[in-house]
Amino acid sequence: MSLKSSSLLYLSLFLTFSCAIHAFDITKLLNKYPELSTFNNYLTQTNLADQINTRNTITILAVDNGAASSISGKSQATIKAIISTHVVLDYFDEKKLTEAIGSGEELTTLYQSSGLAVNRQGFIKVALVGEGNIGFGSAVKGATVDAELERTVTTQPYNISIIKVSKLIVFPGADNVKTAKATAPVSSQSSEAPAPSRKVKAPSPSRDEIVADSPEGADVPDSEASGQISEAPGPAGAADAADSSSSLSVQIGLIGILMSFSSLLVVM
């Protein structure tokens with residue numbers, strides 16, 4: 001193998017592993033477009049930006065500042081639910097959206113993965129509207145498809161696609177969402193489970209008492225007389241150690257693979 005071919009192979013492998021461990025920053029991408037700043041702020045305020053940045057393939061259905069301001073007076077939970085339905089968990093450009101219309105495919109959103117969606121609130125349907133424009137709407141039965149695709153903002157095939165739509169997609173029941181399921185109140189009466197407490201050992205008999213009860217001439221070990229018990233140490237820090245070990249193993253594995261290919265190229 002020639003030196004040039006070896007160098008290209010090594011570079012390709014390096015880029016592959018780099019892409020696998022490095023994600024995009026949705027906040028920085030949207031910062032380039034001032035007309036999307038309100039939508040971008042919603043992503044940051046609701047911590048959705050952090051969730052987006054951990055994924056490898058994503059599509060954002062963004063709206064301009066005027067459309068985004070229409071939900072400014074709603075609760076934080078409602079805003080988060082609405083904005084998360086504009087985050088599609090796959091890569092879609094205009095061509096792939098047209099194919100989705102033909103197949104009747106519904107788009108799965110980040111809200112669906114939250115566990116809070118009901119009655120298909122976490123899905124988006126795509127259809128042709130108006131004069132053949134691509135339109136979006138909630139997949140909830142009876143919801144309208146009236147958010148039209150205006151333009152493609154930017155794409156990084158096949159990782160991220162940012163598409164500007166004409167208005168927010170608000171699914172039926174968005175004003176009634178909660179951040180977590182309600183839990184039953186804890187009673188303060190006697191039915192409440194007592195807090196766990198450390199067992200108190202009964203006092204051990206003294207050596208004189210044991211000698212008195214033992215057969216004549218029997219030896220009594222000091223450990224029995226003192227009542228000392230040897231206990232095995234608990235698994236303190238086991239969970240943290242397992243997490244650290246797992247993370248370290250992944251890093252060592254990636255380094256080992258790169259070193260192996262480096263060695264192979266040197267031999268060639």
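**Tyr111 and its partner**

I looked up Tyr111 and found it at 3% relative accessibility, so I logged this residue as buried. The model is predicted, and I kept that in mind for every value here. Next I checked the aromatic neighbour. Tyr111 and Phe171 form a stacked pair, 5.1 Å centre to centre, with 20 degrees between the planes. Planes under 30 degrees apart count as stacked, so the label holds. Where do the two residues sit in the chain? I placed Tyr111 in helix α8 (residues 110–113) and Phe171 in the loop between β7 and α9 (207–213). They are 60 residues apart, so I noted the pair as a link between distant parts of the chain. Phe171 is buried too, with a relative accessible area of 3%.

**The other aromatic pair**

I counted 2 aromatic pairs by the ring rule. Tyr91 is in the loop between β2 (87–88) and α7 (94–103). Tyr158 is in the loop between β6 (145–156) and β7 (160–165). The pair therefore ties together parts that are 67 residues apart in sequence. Is each tyrosine buried or exposed? Tyr91 has 4% relative accessibility and counts as buried. Tyr158 has 62% and counts as exposed.

**Charges over rings**

I then searched for charged groups above ring faces. Lys96 lies over the face of Phe92, at 4.7 Å from the ring centre. Arg120 lies over the face of Phe123, at 4.6 Å from the ring centre.

**Helix α6**

I turned to α6, residues 76–84. How many of its residues are buried? I found 7 of 9, so I wrote the helix down as mostly covered. The buried residues are Ala77, Thr78, Ile79, Ala81, Ile82, Ile83 and Ser84. They pack against α3 (37–45), α4 (48–53), β2 and α8. Helix α8 is also where I had placed Tyr111.

**α3 against α6**

I took the α3 contact in more detail. The axes of α3 and α6 come within 10 Å and cross at roughly 115 degrees. The two helices are therefore roughly perpendicular to each other. I recorded the crossing of α3 past α6 as left-handed. Which residues make the contact? From α3, I listed Phe39, Tyr42, Leu43 and Gln45. From α6, I listed Gln76, Ile79 and Ile83. Ile79 and Ile83 had already come up among the buried residues of α6.

Definitions and conventions. Residues numbered from 1 in each chain as written. Predicted model: local features only at pLDDT ≥ 70, side-chain atom pairs only at ≥ 80, totals over all residues. Heavy atoms only, no water. Phe/Tyr/Trp six-rings, centres within 6.5 Å; stacked < 30°, edge-to-face > 60°. Helix = DSSP H or I, 4+ residues; strand = E, 2+ residues; numbered from the N terminus. Buried < 20%, exposed > 50% of the residue type's maximum accessible area, 1.4 Å probe, protein only. Lys NZ or Arg CZ within 6 Å of the ring centre and 35° of its normal. Contact = heavy atoms within 4.5 Å. Axes fitted to C-alpha atoms, helices over the stretch in contact; angles between N-to-C directions. Parallel < 35°, antiparallel > 145°, perpendicular 65-115°, else oblique. Left-handed = near helix turned anticlockwise from the far one by under 90°.
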